[in-house]
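Subject: Structure for you to look at

Hello,

Here is the structure I said I would pass on. Please open it beside this message and follow along; my notes come after it.

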Amino acid sequence: MACQCCNGSKDQSDKDKQLDAVFEKYRGMNGALIPVLQAAQDVYGYLPKEAMERIARELKLPFSKVFGVATFYSQFHLDPRGENIIRVCLGTACHVRGGAGIFGKVKEVLGVEDGETTEDLKFTLESVACIGACGLAPVMMVNDDTHGRLTPDKIPEIIDKYK
Amino acid sequence: MENLMSACCSKCTHDQSDPCKDYLLCRTEGPICHDSEECRAKRQALIDKVHLSAEKSNRRVLICAGTGCVASGSRDVQQVMLQAVKDAGITDCEVSITGCHGFCEQGPIVIVEPEGVFYGGVSADDVEEIVEKHLKNGELVERLFFTEPNSGDKDKYYRDIMFYKKQERMVLKNCGHINPEKIDEYIVTGGYSGLIKTFTDFTSQKVVEEVKTSGLRGRGGGGFPTGLKWQFTAQAQGDVKYVVCNADEGDPGAFMDRSILEGNPHAVIEGMMIAGYAVGATEGYVYVRAEYPLAIKRLERAIAQAEEYGILGGNVLGSGFSFKLKIKAGAGAFVCGEETALLNSIQGERGMPRVRPPFPANEGLWYKPTLLNNVETYANIPIIMEKGGDWYASRGTEKSKGTKVFALTGKINNTGLAEVPMGITLREIIFDIGGGIKDGKKYKAVQIGGPSGGCLPEEQLDLPIDYDSLISAGAMMGSGGLVVMDETTCMVDLARYFLTFTQNESCGKCVPCREGTKRMLEILTRITEGDGQEGDIETLERLAKSIKNTSLCGLGQTAPNPVLSTLRYFRNEYEAHINKKWCPAGECKALTVLKIDPEKCNGCTRCARNCPVEAITGEVKQVHEIDPEICTNCGTCIENCRKEAIYKG
């Protein structure tokens with residue numbers, strides 16, 4: 001892990017300010033909790049406990065509800081994540097065309113398991129159920145880029161591009 | 001006139017605050033209230049610029065920018081093409097992007113209009129040749145033509161390709177032919193005319209009647225009659241009502257909603273507006289999966305453009321009807337495809353289903369009457385309003401009208417999206433449109449309808465597809481995903497795969513779904529690992545029945561379907577796993593042994609050299625052997641053997 005003991009506080013207060021702007025936008029709006037959590041996650045990269053506590057206070061909701069919603073949906077993360085998110089599709093089409101082999105290779109190259117982040121915080125690996133690019137199976141997404149027609153030997157090269 | 005909707009002269013009084021009801025007609029068929037040749041000429045020039053019809057002489061290079069083609073590199077093709085056309089000094093040819101053609105296998109796809117020449121698998125390196133040969137000299141670039149997998153014929157034109165020939169594209173008509181980021185193109189090709197017709201010729205009740213006449217059934221999977229749903233919502237008591245579009249396409253193996261949103265977003269907006277008019281709602285939500293960033297972007301842009309043109313917003317085109325549309329991005333939960341769970345999610349709750357009744361028609365979003373339909377359902381509405389319910393009902397089968405978009409994936413030659421009339425057979429879809437099974441292998445089954453559906457074997461290939469025939473065959477329409485499998489797919493493992501999915505995605509609210517699917521998954525996992533016991537099949541059947549009967553929502557009620565349908569048609573595979581400890585498809589690692597065919601092995605030693613666990617022994621130029629005690633079934637030897645001498649037995 002990179003050192004976070006110094007120079008971190010300024011960043012932190014910047015982020016807290018950004019979160020204030022999010023509250024301004026959504027205050028009083030019906031059904032704001034999910035968009036607020038999404039925006040908070042965009043700001044911090046994940047959902048720190050302190051941020052969720054603030055969300056609960058600002059939206060006047062019990063913390064248990066905020067936590068309940070954050071843990072229900074697979075897109076919310078309670079731990080810091082990597083700079084690049086690799087989502088390997090294990091949907092049906094990818095499954096029958098060798099998605100498991102791709103997933104195995106990515107795990108091997110990054111040295112992490114499903115849902116884990118590499119030590120240098122560069123990559124987070126996730127398996128997903130379908131990203132809707134079945135025509136190109138097997139596929140994976142790195143951030144918003146879709147890579148299709150994969151074979152295990154193409155994996156190291158693709159990952160290198162994001163290093 | 002800068003764009004299609006700007007005023008042609010000072011006589012045009014249309015303004016967003018004081019909209020003219022004939023505004024759209026004026027732009028496409030006018031001018032209406034005054035007769036000026038100059039206005040007519042200006043308007044025609046703009047229409048010609050965006051018009052795509054083959055009769056017109058203007059040339060366009062259309063580059064697919066759907067997710068599939070973008071992933072295959074179409075953005076680069078577009079960049080290079082723009083530059084190359086400019087460098088070549090070609091001025092009468094426009095380069096434009098389009099939404100998905102549905103033929104993702106062939107991406108990136110480039111179409112040259114007006115002839116409709118189809119180039120597949122185009123890379124940035126091919127661009128120069130297309131520009132030099134085709135655009136400059138009128139010679140076609142033959143090597144980029146599509147080759148039919150069955151006959152080996154090369155097709156020059158889009159219309160000749162078998163994949164498209166058997167389709168009847170209504171909802172997908174615009175996909176791949178117009179630029180989804182330009183509202184003008186949608187309008188010029190007849191867009192929003194269904195909406196105008198609705199305002200001018202129909203009362204709310206008549207719209208509901210028209211949808212009922214059309215016989216349209218919900219394309220999200222259940223197949224509930226759409227008109228009836230509209231009627232319930234229209235009749236519900238309440239001052240505030242909502243229209244919601246379910247674009248949470250979570251079914252693994254389905255991507256039609258994504259392509260419609262990416263390639264033809266205005267059709268969904270138009271359908272939702274007509275729905276709002278019919279049921280008396282002034283506000284709508286589109287709930288889109290967050291996994292579809294491009295679809296969200298295109299929809300946002302489409303909404304902004306429609307608002308700018310005064311088509312969406314207050315007092316739409318002077319009709320007195322107002323409609324606001326918002327996008328809600330999902331947060332990743334398959335169960336949110338279930339209507340009541342989706343509503344809870346929009347409200348900022350956990351996406352757990354509610355007990356029904358009351359149905360959303362009476363108590364939906366924020367407990368107000370709500371109409372909830374799927375993307376494809378809404379995209380059908382403008383067609384019904386424009387051409388009439390009777391016309392629509394003349395398509396399809398007796399009880400399933402119109403067309404259905406299917407996503408063809410798996411071990412098939414032509415993967416992609418195909419829109420076909422209801423009643424077409426599976427064989428026509430898989431072997432004619434889909435071009436048959438990949439690598440000359442044998443067809444085994446097609447998984448239809450995602451985790452809620454089932455697997456249909458060879459003897460069901462001539463089944464005409466509609467909602468009811470599929471249910472009686474043990475599958476269901478679902479959202480229309482068709483995953484084709486060949487002889488190398490193990491059906492027990494596939495059932496395990498689906499149960500893993502549904503078990504993961506179960507929201508946990510009701511016990512049968514939460515605990516029942518877990519127990520079923522444990523048994524299936526055991527069977528695929530070689531620990532199947534006598535009585536397992538019966539236990540699976542018993543569990544399946546009670547989960548189906550007692551679960552709260554559609555997720556649980558259909559979760560056992562993949563197990564039941566594989567048991568119905570492939571029971572012998574389960575029995576082989578349990579009784580003979582053998583996986584006939586050679587997919588379950590614990591139940592297969594790798595063997596070397598002594599007839600084919602020439603002793604090249606590649607297998608032995610590449611084996612990570614040194615399980616293979618043998619002298620040079622002598623037949624090799626695999627020690628099953630050491631072998632981990634990783635398959636490295638199969639990949640490396642050039643003689644195809646190693647097989648799973």
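A salt bridge is a side-chain nitrogen of Lys or Arg within 4 Å of a carboxyl oxygen of Asp or Glu. In this predicted model, one such pair is A:Glu58 and A:Arg54, whose side chains meet at 3.9 Å, N to O. Both residues belong to helix α3 of chain A, which covers residues 49-58. They are 4 residues apart there, about one turn of the helix. Over all chains, the structure holds 50 salt bridges.

Chain A

Chain A has 7 helices and 4 strands. Read from the N terminus, its elements come in the order α-α-α-α-β-α-α-β-β-β-α. The C-alpha trace of chain A spans about 50 × 40 × 25 Å along its principal axes.

Where chain A meets chain B

How many residues of each chain are in contact? On the side of chain A there are 33, and they touch 53 residues of chain B. The size of an interface is often given as the accessible area lost when the parts come together. For chain A and chain B, the buried area is about 3,300 Å². Carbon and sulfur atoms give 57% of that area. There are 2 salt bridges between chain A and chain B. B:Glu105 and A:Arg97 also form a salt bridge through their side chains, with an N to O distance of 3.8 Å.

Two helix pairs in chain B

The crossing of α8(B) past α12(B) is left-handed. From α8(B), the residues that take part are B:Ser193, B:Gly194, B:Leu195, B:Thr198 and B:Phe199. They meet B:Glu270, B:Met273, B:Ile274 and B:Tyr277 of α12(B). By class, this contact consists of 5 nonpolar, 3 polar and 1 charged residues.

The other pair is α11(B), residues 256-263, and α13(B), residues 293-308. Here the axes come within 8 Å and cross at roughly 35°. The crossing of α11(B) and α13(B) is left-handed. In α11(B), the residues in contact are B:Arg258, B:Leu261 and B:Glu262. Facing them in the contact are B:Leu294, B:Ala295, B:Arg298 and B:Leu299 of α13(B). This contact has 4 nonpolar and 3 charged residues, and no polar ones.

Backbone points in chain B

Most residues other than glycine have a negative phi, and most peptide bonds are trans. B:Pro114 sits in the loop between β3 (110-113) and β4 (117-119) of chain B. Another cis peptide bond links B:Arg356 to B:Pro357, with omega about -5°. B:Pro357 lies in the loop between α14 (339-346) and β10 (370-374) of chain B. The loop between α14 and β10 also contains B:Trp366. B:Trp366 is not a glycine, yet it has a positive phi of about 45°.

Regards

Key
Residues are numbered from 1 along each chain as its sequence is written. Chains are lettered from A and ligands numbered from 1 in the order in which they are written. This is a predicted model: local features need pLDDT of at least 70, side-chain atom pairs count only at pLDDT 80 or more; totals for chains, interfaces and linings use all residues. Side-chain values use heavy atoms; hydrogens and water are left out. A crossing is left-handed if the near helix is turned anticlockwise from the far one by less than a right angle, and right-handed if clockwise. Contact means heavy atoms within 4.5 Å. Ala, Val, Leu, Ile, Met, Phe, Trp, Tyr, Cys and Pro count as nonpolar, Asp, Glu, Lys and Arg as charged, and the others, Gly among them, as polar. Buried area is the accessible area (1.4 Å probe) that two parts lose on being put together, summed over both. Axes are lines fitted to C-alpha atoms, for helices over the stretch in contact, and angles run from 0 to 180 degrees between N-to-C directions.
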